[in-house]
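Subject: Two-chain model for your files

Dear colleague,

I am handing over the structure we talked about, and my notes on it follow below. Please read them with the coordinates open beside you.

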Amino acid sequence: MQLNTEFMRQTLIDVLAGVPVTLKLTFVTLLLSAPPAFWIALGKTEGGKNRGKISGVYVSVVRGTPVVVQILFLYSLLPTMLNYLIKNVFRLDFNIFNIDAVWYAYIIFILNTTAVLSEVFRSALLAVDGGQLEAALSIGLSRRQAYMRIIIPQALMSALPNICNTTVSLLKNSSLAFMMTVKDITAIAKVKAAYGYNYIEAYLVILLMYVILCSVVQGIFRLLENAVSVRRRAAV
Amino acid sequence: MRPFHPAYIIYVLPKLLSALWVTFAMVAGTLFFGGLLGFLLAAGKVRRGRIAKTISNIYIYTVRCVPSIVMLFIVYYGLPELLLTFGIDINRVGKGFFVIVTFSILFAANIAEVFRAAYEAVDRGQREAALSIGLSEWQAFRRIILPQCVVVAIPNFTNALINLMKEGALAYTIGLIDIMGKGQLLIGKNQGSYGLEIYLALAGIYWVITILVEKFSAGVEIALSKGRKAPNAKIRERRRKKCS
């Protein structure tokens, strides 16, 4: 078995252009999914009946179906549906087929990550003792204040490892964006590979890239965890 | 907008379900080989041997960082070449083989962590007590530790299993005809139409299987944890709901 090292070196450099795309896809998705995820989690823990039921079905569907199916389904549904809405409902002169596919990737990954994160937040909220909220309310904090100052800081601490897991799996899943013609790491390397049938080399380069990216993400989360737990220890 | 035919979903379901056994066979094969490898990795991690520990750690860390689709293609393109250097020709082997190898590699890393966490959740004193009354190391493991591990491991094991099934949908990219591949074939046959209906049917099938697996494992967990002092959070939640 012989590897074309010259090709690997060249691809490694070319693939760097895809790193910002992958990172943007991951972190923008994460930031935009957090608020709705928190809202769903709150609905479940506080127990509004209809809200809990509807979000329950949503979470169950998203977590019960493969990401590929979600991507293929939404990617074949969204463009035509948006086109129909724009042309016939809003009557705008705008060609939806010209927009960058990365927007669809954002929509799909946000829908997916919201469901996953909502479960992470829910378990984190449940991990905080119920007496904390009651105590906060009893000393005259408003509900909002109680959550902002008492509950969320504690919940965040127990949620961090799970948020790290979610981020890593999101980073890995973002490699599927090549199905929507987004030029991320995987897509660039795949195109390179197709020129000279250097598939093994290209995929080894992708593997290396993802291992590095995941290590960086995990390192950042470890620092965060240390910072948070130091504060906690200081408080005690 | 193209018309949507809900009736086509019903029409296409039996055709998709005819390939369901491939999906199940893939999951079963991976569960066996991946589980075996995962068990070895977990054993390497909890034992005191430093070399085994390092190897397990590196393996688990690396594999968990790799997207399944990347691993799938590395195995699909790389494994035949690699084995060819040893004089073994597997170019004629079916695609299912590569799929099972890939997902075993991936699944082993996940399941090893599940096994390890479950093993560590059992109190060390249990093993010591078992040894002190004269059981051998293996007897202590099989009769005392393992039964307690199983209960702890069930929720995480179920998660890993469901993830495996969902990731398995990627196997169609190398041409395996499981339900996903069957769906792609049907779309190709229709020259690209009825995509929405077929994907919806696929999502429905996966969703139903996931729910069944979750329900089944929750039932097993409750049955096995009868009489335990500290059931895990999920069961506690359920019991609380029953009371209120």
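How many of the 244 residues of chain B count as buried? The share is 36%, where a residue is called buried if 20 or more other C-beta atoms lie within 10 Å of its own, exposed if 12 or fewer, and partly exposed in between, with the C-beta atoms placed from the backbone. Before going further, please note that this is a predicted model, in which local features need pLDDT of at least 70 and side-chain atom pairs count only at pLDDT 80 or more, while totals for chains, interfaces and linings use all residues. Residues are numbered from 1 along each chain as its sequence is written, and chains are lettered from A and ligands numbered from 1 in the order in which they are written.

The two chains

Chain A has nine helices and zero strands, and chain B has 10 helices and zero strands; helices (H or I, at least four residues) and strands (E, at least two) are DSSP runs, numbered from the N terminus. Taken along the principal axes, the C-alpha atoms of chain A fill a box of roughly 70 × 55 × 30 Å, and the C-alpha trace of chain B spans about 70 × 65 × 25 Å. In chain A, 33% of the 236 residues are buried. Of the contacts in chain A between residues at least 6 apart in sequence, 78% join residues at least 24 apart, and in chain B residues 24 or more positions apart account for 74% of the contacts with a separation of 6 or more; here two residues are in contact if their C-beta atoms, placed from the backbone, lie within 7 Å.

Where the chains meet

Between the chains, 27 residues of chain A are in contact with 29 residues of chain B. On the chain A side, α3 (49–64), α4 (67–89) and α9 (199–235) each supply at least two residues. That side has 20 nonpolar, six polar and one charged residues, with Ala, Val, Leu, Ile, Met, Phe, Trp, Tyr, Cys and Pro counted as nonpolar, Asp, Glu, Lys and Arg as charged, and the others, Gly among them, as polar.

A:Phe73, found in helix α4 of chain A, is in contact with B:Leu196, B:Tyr199, B:Leu200 and B:Ala203, leaving aside its neighbours within four places in sequence. A:Phe73 is partly exposed, with 19 other C-beta atoms within 10 Å.

Helix α3(A) has 16 residues and reaches 22 Å from its first C-alpha to its last, close to the 22 Å expected at 1.5 Å a residue, the expected span being 1.5 Å times one less than the number of residues. Its buried residues are A:Ser55, A:Val59 and A:Gly64. Seen down the axis of α3(A), these buried residues fall within an arc of 150 degrees, so they line one face of the helix; the arc is that of the directions from the helix axis to the C-beta atoms. They pack against α2 (19–46) and α5 (102–127) of chain A together with α9 (195–224) of chain B, whereas the face turned away from the buried side carries the exposed residues A:Asn50, A:Lys53 and A:Val57.

In chain B, the 27 residues of helix α2 (residues 20–46) should span 39 Å at 1.5 Å a residue, and the end C-alpha atoms are 37 Å apart, which agrees. The buried residues of α2(B) include B:Val22, B:Met26, B:Gly34 and B:Lys45, and what covers the buried residues of this helix includes α3 (50–64), α5, α7 (137–167) and α8 (179–189) of chain B.

One backbone detail

A:Thr181 has a positive phi of about 60 degrees although it is not a glycine. This residue sits in the loop between α7 (143–173) and α8 (185–196) of chain A, and with 13 C-beta neighbours inside 10 Å it counts as partly exposed.
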